[in-house]
Structure formats: structure tokens, C-alpha cells
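User: Could you show me how to read a few features of this model, starting with how strands come together?

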Amino acid sequence: MRVPLSWLREYVDIDLPVPELAELLTNAGLEVESIETVGLPGAALEWDRERIVLAQILKVEQHPDADRLVLATVEYGAAEPKVAVTGAPNLLPYVGRGDLSAEGLYAPYALEGATLYDGHKDGRVKAKLKGRPLRGIYNDSMLCSEKELGISDEHEGIILVTSDELRVTSSERSELVTRRSSLVAPGTPLQNIFGDAVLEIAILPNTARATSIIGVAREVAALTGRPLRQPSADVVMDGPPLDGRVVITTAEPELNPRFVALLIEGVQQTPSPYWMQYRLRLAGQRPINVVVDISNYVMLEVGQPNHTFDYDV
């Protein structure tokens, strides 16, 4: 089971170094087989704190000499904004919309000299970013995809997040109330936002109680004396009665004594927010869409199997 440290911190405060936490869990019976770091020191690709930062996208314009390229003006913590040339298709909807600063749209941003994975080569091939002309416009920076950062092999577009999503994904969530503005400041090292460590914990028959993020958090809370923060189970359920609309039949009740169903209407098949996609990737799941991702997220979070069905089928 893959347990991202940032997700674990949602439910229990952790101030131990990651190796010490892994040793503590292993000695308690939750065998940590390996530790994978993402972007942090010790990772296969460490994100340069000076050259790989968070940028806010201020404007997107069409490249004057290339239909598939756009010019993205970004704020990245320097005295003046900078223009990056990119072919990211997920920026095309923003072309010509003028000032985007009110939308709170952010992306990882690499400056000349940064080492990234080459998004156009198979496998993980490192390359140092160097300035060069792109269809007549000099470019020495890059808005990054997941592949270029070593998060996944996804290279169809750059990572796009909103300011609200950044507050959720921050590995410093316990300090969120007092540090909201600084968490989303352009120029913040990407390590501070998406840098993470993932514990690979062996699933053993006598540790089934911990086969979820909350289950592991409960063990950490017990071992360290820190309080456990349970997620809220409150949900608003309203609408007409379901009598006759949903029928549940259990063929073998001795194997499945309880099955509960909810009907949710007005759902759109859209991508889930990036913070959820990122956590699922770290936990070993491939994001699909908001419906499937929520199902998998809840399963990993609380250890409760669940499934979504299309009511119209």
C-alpha cells in the first residue's frame, strides 16, 4: 500500500523525519518496504528550489507564427512577468481571454538551468533547460507537465491548478490557517507545494486495520501520542424518495450482509481537481474522471470498498 505523507498529515501531525517514521511503523508491525520521494532531496529528480517554482498565469496569447504554440505571460516572483512559449493544449481555451489574474490559475514553472525529464523522449531522460528560439521568439523557460517533473508519464498538457487546489495539496496543511497567502505566492519553490514522500507499506493479514490512509494515521497517532483528526462524515441528502427507483438485492447475504446505495443526480463526467488526481497518482491509482476518482479516493482514504454505477444503464 502506497501512503503519501502529505495525505497522512491530513489526519495526524507528523514532525518526525521520514526515515524515523518508517522505522517507528515497521517496529510496530506495519512494515515499510521502501520510501519514494517526489521532488524533494533524495528523489530521482530533485526540483531545484531556485529554478522550479510556482507561477501564476496572467495571460495567454496565440504565437504569431505557429498555430500550435501559445505565449503565456506568467508571474513567478521576479520584478517583472515573463513570457513562456508552450504548445500545451490545455492552455488553448485561455487564448484571447485577456487578464487571467482573477482566475487564480497556476502552473509549475522551470527557468533556464533547471534539470527536468525530457517530455519528448521515451523513459526518464534528464535534460538541462537551455534558452533557444521557438518559431522566431526566444524562450528560456518552461511550464511543466507531469512527465517533465517525474510525477507520471502524462505529457498531453501542463499541470494547471487553482489557488484553492493549492491550499489542499500543500504538504504544510497543518499551518494552513496562518499561511494561506504565502502558500500560493508566485515564486514559491515547487518543493513546498508538491514535494512529497510515499511510504510503501506491506499488507499483512494481521494489519488489515491499517489498510487505508486513516488506518495508518490511527497507528501513527497511537505511536506518537498525537490526536487523530477524523474526516467529517456529514453529507446533505435531499430530494424525492427513492422508493421504486433503486432496488438492492443480495444473492448471498452470508457473504455480504449489508449493501447500501445512494442516488446522485446531475453529475457531469469532468476531470477531478488536480489535488485529487495528484494524490491518487502518488497512491498508485490512475485518475479517470471525477466520479471514478472520488470512489477510489474514498476507498483509499477510509478502506471501504465502494463502486459507482451509471443509473441510466
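Analyst: Happy to. Strands of a sheet pair through backbone hydrogen bonds, either parallel or antiparallel. Here E1 and strand E13 (residues 196-201) run antiparallel and are joined by three bridges; two strands count as paired if DSSP finds at least two bridges between them. Strands (E, at least two residues) and helices (H or I, at least four) are DSSP runs, numbered from the N terminus. In this pair, Val3 stands opposite Leu199 of E13. This is a predicted model, where local features need pLDDT of at least 70, side-chain atom pairs count only at pLDDT 80 or more, and totals for chains, interfaces and linings use all residues. Residues are numbered from 1 along each chain as its sequence is written, and side-chain values use heavy atoms, with hydrogens and water left out.

User: What is the strand order of the open sheet with three strands?

Analyst: The order is E1-E13-E2, with antiparallel pairing. Strand E1 (2-4) and strand E2 (32-38) each have a single partner strand, so one side of each is left without a neighbour in the sheet. From one strand to the next, the twist averages 20° (axes are lines fitted to C-alpha atoms, for helices over the stretch in contact, and angles run from 0 to 180 degrees between N-to-C directions).

User: Where is Arg135 found, and is Arg135 buried or exposed?

Analyst: Arg135 lies in the loop between strand E9 (132-134) and strand E10 (137-139). Arg135 is exposed, at 54% relative accessible area (buried is under 20%, exposed over 50%, partly exposed in between; 1.4 Å probe, protein chains only). Its phi is near 50°, a positive value in a residue other than glycine.
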